[in-house]
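Open the model in your viewer and keep the selection tool ready. Each stop below gives a selection, then what is found there.

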Amino acid sequence: MPHTQKLTRYTLAERSSPEYRHQLTLRDVSEASGVSEMTVSRVLRNRGEVSDKTREKVLLAARQLGYVPNKIAGALASNRVNLVGVIIPSLSNMVFPEVMMGISKVLDGTPLQPVVGVTDYVPEKEEKVIFEMLSWRPSGLIIAGLEHTDAARRMMENAGVPVVEIMDVDGPAVDAAVGISHTRAGRETAKEILKRGYRKIGFLGTKMPLDHRARKRFEGFEAVLRENGLSLEAEEYYSGGSALGKGREMTANILKKNKDLDFLYYSNDMIGAGGLLYCLEAGIDVPGKLGLAGFNGVELIDGLPRKLATMDSCRVEIGKAAAQIIASEADGSVDAAADKRVELSPIFAPGDTLRPMA
């Protein structure tokens, strides 16, 4: 007599218990809701005609079971999953969480879901993250910066999905680019400083071989000084993440070695805020004797004793615009060949650390 396996029908409570450990399937949701597997599939894929009552039964059962649909099966047919890879250099930098906020605000209204990879400004790590992201066949890729290794660029060029490089438009893009011109940002800052009569200028910033956007701002800033017969009087650099403590330390060092400086330009607001705090504690007249300016327009500077002069890097707007390009291509509402270079215009805010125009 052939052996026959007895099929056990579990209750909803039993299926939800820790002892019930097998991977849930459509059949589990079907049995828990009393609805056919085909109908369960229609409900969970939001396809076909299903009554509201039946839909509610299926969704309730799925939620109570903790059932998660297997998207890989659907991806095999479409060669895509509803994920958008977002590759950024840092999570500790206050800039990038705001970019993510902009991306999320747009994608929240779509089937797309962002997943994040971090490169730590290391090109080889960026290559690896791009490889892993694209191996999942996402619906799009958003990546910070325009500079990549040749291997990374080839992977993105041949990915067959929309790729949006963000934060920068000073250079050629793989597909689409959304950001600001950092060269122009540096130039505009220098012009604002010179209008206010500052001439003995020092620069404080990150070591720039791998921070291309900071390098472009520096180059734009220096170019305007040269055009006006000036040059930087002093420079101070650091490596690693931006922090208030580093700003304080660097400011103390540069002023100790260069007592006649009348202006300090910081590559970002974090070290600029540290520099401002040092100056105030040291009794330095800001902005009369010494002017200060940073970059990014982060909310942190709103809580300082004096508001640091800065330029907004349009972070949330960049995230929104990049996500909109991905979402529009994913739903077919935009031509993939359309012009996708979006340049935003940051605004310089003099705050309380620049004297009035001369």
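Select Gly332 to begin. Just after helix 13, this glycine takes a positive phi of about 75°. Helices here are DSSP runs of H or I with at least four residues, strands are runs of E with at least two, and both are numbered from the N terminus.

The model is predicted, so local features need pLDDT of at least 70 and side-chain atom pairs count only at pLDDT 80 or more, while totals for chains, interfaces and linings use all residues. Residues are numbered from 1 along each chain as its sequence is written, and side-chain values use heavy atoms, with hydrogens and water left out.

**Helix 13**

Step back and select residues 315-330, which form helix 13. Its 16 residues should span 22 Å at 1.5 Å a residue. The expected span is 1.5 Å times one less than the number of residues. The end C-alpha atoms are 23 Å apart, which agrees.

Now colour the buried positions (buried is under 20% relative accessible area, exposed over 50%, partly exposed in between, with a 1.4 Å probe and protein chains only). In helix 13 they include Val316, Ile318, Ala322, Ile325 and Ile326. Arg315 and Glu329 are also buried.

What do the buried residues of helix 13 pack against? Show strand 1 (83-88), helix 6 (95-107), strand 3 (140-144), strand 4 (163-168), strand 5 (176-180) and strand 11 (341-343). Contact means heavy atoms within 4.5 Å.

Select residues 212-227 for helix 10.

Axes are lines fitted to C-alpha atoms, for helices over the stretch in contact, and angles run from 0 to 180 degrees between N-to-C directions. Angles under 35 degrees count as roughly parallel, over 145 as roughly antiparallel, 65 to 115 as roughly perpendicular and the rest as oblique.

The crossing of helix 9 and helix 10 is right-handed. A crossing is right-handed if the near helix is turned clockwise from the far one by less than a right angle, and left-handed if anticlockwise.

Show side chains at this contact. Helix 9 brings residues including His182, Arg187, Ile193 and Leu194; helix 10 brings, among them, Arg213, Phe221, Val224 and Glu227. The contact residues divide into eight nonpolar, five polar and six charged. Ala, Val, Leu, Ile, Met, Phe, Trp, Tyr, Cys and Pro count as nonpolar, Asp, Glu, Lys and Arg as charged, and the others, Gly among them, as polar.

Gly229 follows, with a positive phi near 70°. Then pick Leu230, in the loop between helix 10 and strand 7 (234-238). Leu230 touches Leu194, Arg199 and Leu225, not counting residues up to four places away in sequence. Its C-alpha is 8.6 Å from that of Lys200, 30 residues apart in sequence.

**Helices 11 and 12**

Select residues 244-257 and 269-281, helix 11 and helix 12. Their axes come within 6 Å and cross at roughly 60°. Helix 11 and helix 12 are therefore oblique to each other. This crossing is right-handed. Among the residues that meet are Leu244, Arg248 and Leu255 in helix 11, and Met270, Leu277 and Tyr278 in helix 12. The contact divides into nine nonpolar, four polar and three charged residues.

**Backbone stops**

Most residues other than glycine have a negative phi, and most peptide bonds are trans. Go to Pro287, in the loop between helix 12 and strand 9 (291-293). A cis peptide bond joins Val286 to Pro287, with omega about 15°.

Next, centre on Asn296. Its phi is positive, near 125°. Asn296 lies in the loop between strand 9 and strand 10 (310-311). Is Asn296 buried or exposed? At 11% relative accessibility, Asn296 counts as buried.

Finish on Tyr121, whose phi is also positive, near 65°. Tyr121 sits in the loop between strand 2 (113-118) and helix 7 (123-135). With a relative accessible area of 26%, Tyr121 is partly exposed.
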